[in-house]
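The exercises below are meant to be worked through with the sequence and the coordinates side by side. Try each task before reading its solution.

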Amino acid sequence: MYNRWYDKYSDLKSLLELLETVDKQYIDIIAQDFLQIILEKYALNFDEAIQKMSDNAPPRYSRWYDENYDLHTCIEFIKTLDDNEKKELINSFIMSLASFITNADNG
């Protein structure tokens with residue numbers, strides 16, 4: 001079985017599995033909301049975080065979430081965090097996605 005880097009983070013794996021089922025027309029909105037969360041949480045160190053992401057950018061974009069640059073950026077940003085920060089940010093993304101799905105279901 002092939003293990004992806006995020007398979008060791010069950011919350012992130014679940015988030016990505018759920019995101020993969022979301023209608024593509026909503027991914028832009030969700031990804032932009034995730035970017036906003038990152039900006040709010042990491043505004044003071046954002047330049048450094050952007051540099052880390054670009055230093056660690058994959059040589060090719062072949063994963064389903066790479067199709068949306070904003071979502072790709074958010075997922076790559078998670079890689080730059082320590083485990084506690086990963087968990088906190090992933091939980092914020094999960095709450096955001098849950099809110100989006102709830103609001104979408106209510107019209």
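This is a predicted model, and of the 107 residues of the protein, 36% count as buried.

**Exercise 1.** Describe how helix 2 and helix 5 are arranged relative to each other.

Solution. Begin with the axes: those of helix 2 (residues 24-42) and helix 5 (residues 83-105) come within 10 Å and cross at roughly 140°. Because angles over 145 degrees would be needed for roughly antiparallel, helix 2 is classed as oblique to helix 5. The crossing of helix 2 with helix 5 is right-handed.

Next, list the residues that meet: helix 2 contributes, among them, Ile-30, Phe-34 and Lys-41, while helix 5 contributes residues including Glu-88, Leu-89 and Phe-93.

**Exercise 2.** Work out the span of helix 5, and identify which of its residues are buried and what they pack against.

Solution. Helix 5 has 23 residues and reaches 32 Å from its first C-alpha to its last, which is close to the 33 Å expected at 1.5 Å a residue. Its buried residues are Lys-86, Leu-89, Ile-90, Ser-92, Phe-93, Ser-96 and Leu-97, and the buried residues of helix 5 pack against helix 1 (10-21), helix 2 and helix 4 (69-79).

Notes: Residues numbered from 1 in each chain as written. Predicted model: local features only at pLDDT ≥ 70, side-chain atom pairs only at ≥ 80, totals over all residues. Heavy atoms only, no water. Axes fitted to C-alpha atoms, helices over the stretch in contact; angles between N-to-C directions. Helix = DSSP H or I, 4+ residues; strand = E, 2+ residues; numbered from the N terminus. Parallel < 35°, antiparallel > 145°, perpendicular 65-115°, else oblique. Left-handed = near helix turned anticlockwise from the far one by under 90°. Contact = heavy atoms within 4.5 Å. Expected span 1.5 Å × (residues − 1). Buried < 20%, exposed > 50% of the residue type's maximum accessible area, 1.4 Å probe, protein only.
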